[in-house]
Structures are given as C-alpha cells and as structure tokens.
Amino acid sequence: MIYQYNISKPEAVTDETPILITLHGMGTDDHDLAGIVSESPAQFVQINIRGDLRFSSGYTYYLPDFSGQSEQEVITKVLRKIKDSLSDIYEKENLSAKQPVFFLGFSQGAILSLSYSLFYPDCVTGAVILSGRLPEFFKQSDGVRAGKTSFFVAHGQYDPLFSIEIARDTRRYLKQHRFNLSYHEYPSAHGVIPQEVADIRTFLHRLNDRF
C-alpha cells in the first residue's frame, strides 16, 4: 500500500454507493477533512488518504520544489500513485470501480483533486476544490477534454497563499472546457468556514442524488 488511509463505510455498500476521497493540505493528515460531510456519513464510503512524506507537524504528498523535476513530472507521478493506491484500497475494502467517485481536497490536496479529475476525466463524478490552484501545465495542454466531472470550487477572498485571482483563473479554465461548475468566494483567508461546509454538503448530496 503506497498511502496510509482511514475509511468509514455505510452498513451496506453496493455499486451505487458513492466513494468520497479526501486529500489534505501540507502539514496536516488524513483526519483533517474527515468531518466535512460527517452529518450524514452513511451516504458515502469515505476514504481519507494521508500523504507519504513528513512535513512540519504532519504530512504532504509532494514538496513543491520543481528545480529537479518539472511541476508536471512531480504532480503526474503523485496522480499515478494515488490511482494505484485506490486500486489497492478498493480490492482490500471490497469496493467496486463502478461506484461513483468524488474527490474533496484542500490546498495541495485541492491541486491534486483538480489535477486527478482533469487527468482521469472519466473516473471522477464530482470534485470539491478548496483553496487550491490549477497547475500551469494544464493551461498549456491541448489534451484536456470535458468529462463527466462536476466541480465545486471555493476560495477565500483574502487568501494570502493563493490569491482570489488564481481561483478566478481556475473558474475561467473550467468554464472554457465546458465542465459543470459551482463557484464560490467566501470572506475568509486560507481555510474553510461554516457556510462553506454547508455549501459543500449541499453540492455533494445534490450531485449524488442524480446517481
């Protein structure tokens, strides 16, 4: 197993039971986002994946140093590791590749959730992108195509790490490529506020109700 993880499941799991995969930000761990949909955990199989590199008081999936390798090389390597890990987790936990898959990521986890959804557009039903950014190499690629993924993109208007213009640029990109998009700005910094959590839950449950 490449990544450590924790998981919660409904009592009964079928091919229609959605899977929610969370990817945390740098310096935290697999418990950081676990409670965002906790008011109704029985509706999802929730897999919280921990980064495999130690960073600060927690973990990270990669170090954002692109001097030795390009951003594209670093990120696509991690995406493949996530995909391989999910295959192992599905087998171990008796899950099916037919189940709808949702991603929820914050900061670095948002970068990876967005990238995974664009890299594997037919594998992701919905993705929640919180306080992240779109990697530059996607903007330079002609290979991105609209898949079935619906996106919820949320960002703090006062985010000191990734400016609000970065989020608006992501919005323009997703609209340009004709993805279904729910875009939100909040009066916050680099974090998640209660109204944002409520909007995320509404998005996930409404999208899930379509399947």
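Phe55 sits in strand β4, which covers residues 53–55; strands (E, at least two residues) and helices (H or I, at least four) are DSSP runs, numbered from the N terminus. With a relative accessibility of 32%, Phe55 counts as partly exposed, a term for values between buried (under 20% relative accessible area) and exposed (over 50%), with a 1.4 Å probe and protein chains only. Together with Met26, Leu53 and Leu63, Phe55 makes a nonpolar surface patch of about 300 Å². Such a patch takes residues with over 30% relative accessible area and no salt bridge, joining nonpolar side chains (Val, Leu, Ile, Met, Phe, Trp, Tyr) within 5 Å and like charges within 9 Å. A salt bridge here is a side-chain nitrogen of Lys or Arg within 4 Å of a carboxyl oxygen of Asp or Glu, and areas come from the Shrake-Rupley method with a 1.4 Å probe, where only the protein chains shown count as cover for residues.

A word on the model itself: it is predicted, so local features need pLDDT of at least 70 and side-chain atom pairs count only at pLDDT 80 or more, while totals for chains, interfaces and linings use all residues. Residues are numbered from 1 along each chain as its sequence is written, and side-chain values use heavy atoms, leaving out hydrogens and water.

Next, the open space. The largest pocket holds about 240 Å³. On a 1 Å grid over the protein atoms alone, a pocket is an open set of points with protein on both sides within 12 Å along at least five of seven lines, a cavity is a set where a 1.4 Å probe fits but cannot get out, and lining residues have an atom within 4 Å of a point. Points are joined across faces, edges and corners, and a volume is the space filled by probe spheres set on them. Of the 16 residues lining the largest pocket, Tyr90, Ala97, Val101, Tyr116 and Cys123 are the closest to its centre. Helix α1 (71–92) gives the most to this lining, with four residues.

The largest cavity has a volume of about 40 Å³, and its lining includes Leu114, Ile129, Val153 and His155. Strand β8 supplies the largest share of that lining, three residues. The second largest cavity contains about 30 Å³, and among its lining residues are Thr22, Asp29 and Asn48.
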